[in-house]
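Subject: Handover of a protein structure

Dear colleague,

Please find the structure below, together with its sequence. My findings follow it, and I would be grateful if you read them with the structure open.

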Amino acid sequence: MAVAIEDMSGANRPHELTLSPLVSLLLLVNGGVVVRAIRVNGQYLARRRTVLRGLLHAGLWLYAAGCTLLLVTATSTAIEMLLAR
């Protein structure tokens with residue numbers, strides 16, 4: 001996620017990513033790890049509910065939502081770059 005944000009901050013336009021293919025690949029791998037973490041935390045949450053585990057679960061979902069938005073932006077930019085060639 002840090003690579004995507006760093007790449008966006010150095011671009012001419014805020015929505016433009018120069019390393020979009022790499023960022024898309026990294027965000028896809030990150031998404032797989034986040035989904036696995038949500039599943040594992042959900043199993044622990046089902047066994048024993050605590051406020052901290054509930055907050056962690058909500059935080060994981062928020063992080064997954066942010067990564068999804070960055071993935072969509074990076075993927076659309078990568079496709080745009082490939083079509084422009």
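This is a predicted model: local features need pLDDT of at least 70, side-chain atom pairs count only at pLDDT 80 or more; totals for chains, interfaces and linings use all residues.

As to the overall arrangement, the protein has 3 helices and 0 strands, and along the sequence its pattern reads α-α-α. Of the 85 residues in the protein, 27% are buried. Among contacts with a separation of 6 or more, 56% are between residues 24 or more positions apart. The accessible surface amounts to about 6,100 Å², and carbon and sulfur atoms account for 68% of that surface.

Which residues of helix 2 are buried? They are Ser20, Val23, Ser24, Leu27, Asn30, Val34, Ile38, Asn41 and Leu45. In an α-helix there are 3.6 residues a turn, so residues three or four places apart point the same way. Two of the buried residues, Ser24 and Asn30, are described in turn below.

Ser24 is located in helix 2. Its relative accessibility is 9%, and it is therefore counted as buried, the cut-off being under 20%. Leaving out residues up to four places away in sequence, Ser24 touches Leu71, Ala74, Thr75 and Ala78. For Ala78, which is 54 residues from Ser24 along the chain, the separation of the two C-alpha atoms is 8.0 Å.

Asn30 also belongs to helix 2. With a relative accessible area of 18%, Asn30 is buried as well, because this value falls under the 20% cut-off. What does Asn30 contact, apart from its neighbours within four places in sequence? The residues concerned are Tyr63 and Cys67. With Tyr63 there is also a polar contact, made between the two side chains at 3.2 Å.

The remaining point concerns the surface. Leu19, Leu22 and Leu26 make a nonpolar surface patch of about 260 Å². Leu19 is found in the loop between helix 1 (2-9) and helix 2 (20-47). Is Leu19 buried, partly exposed or exposed? Its relative accessible area is 42%, which means that Leu19 is partly exposed, as the value lies between the 20% and 50% cut-offs.

Yours sincerely

Definitions and conventions:
Residues are numbered from 1 along each chain as its sequence is written. Side-chain values use heavy atoms; hydrogens and water are left out. Helices (H or I, at least four residues) and strands (E, at least two) are DSSP runs, numbered from the N terminus. Buried means under 20% relative accessible area, exposed over 50%, partly exposed in between (1.4 Å probe, protein chains only). Contact means heavy atoms within 4.5 Å. Accessible areas come from the Shrake-Rupley method with a 1.4 Å probe; for residues, only the protein chains shown count as cover. Patches are made of residues with over 30% relative accessible area and no salt bridge: like charges are joined within 9 Å, nonpolar side chains (Val, Leu, Ile, Met, Phe, Trp, Tyr) within 5 Å. A salt bridge is a side-chain nitrogen of Lys or Arg within 4 Å of a carboxyl oxygen of Asp or Glu. A polar contact is a pair of N or O atoms within 3.5 Å; within protein, one must be able to donate a hydrogen and the other to accept it, and residues adjacent in sequence count only if both atoms are side-chain atoms.
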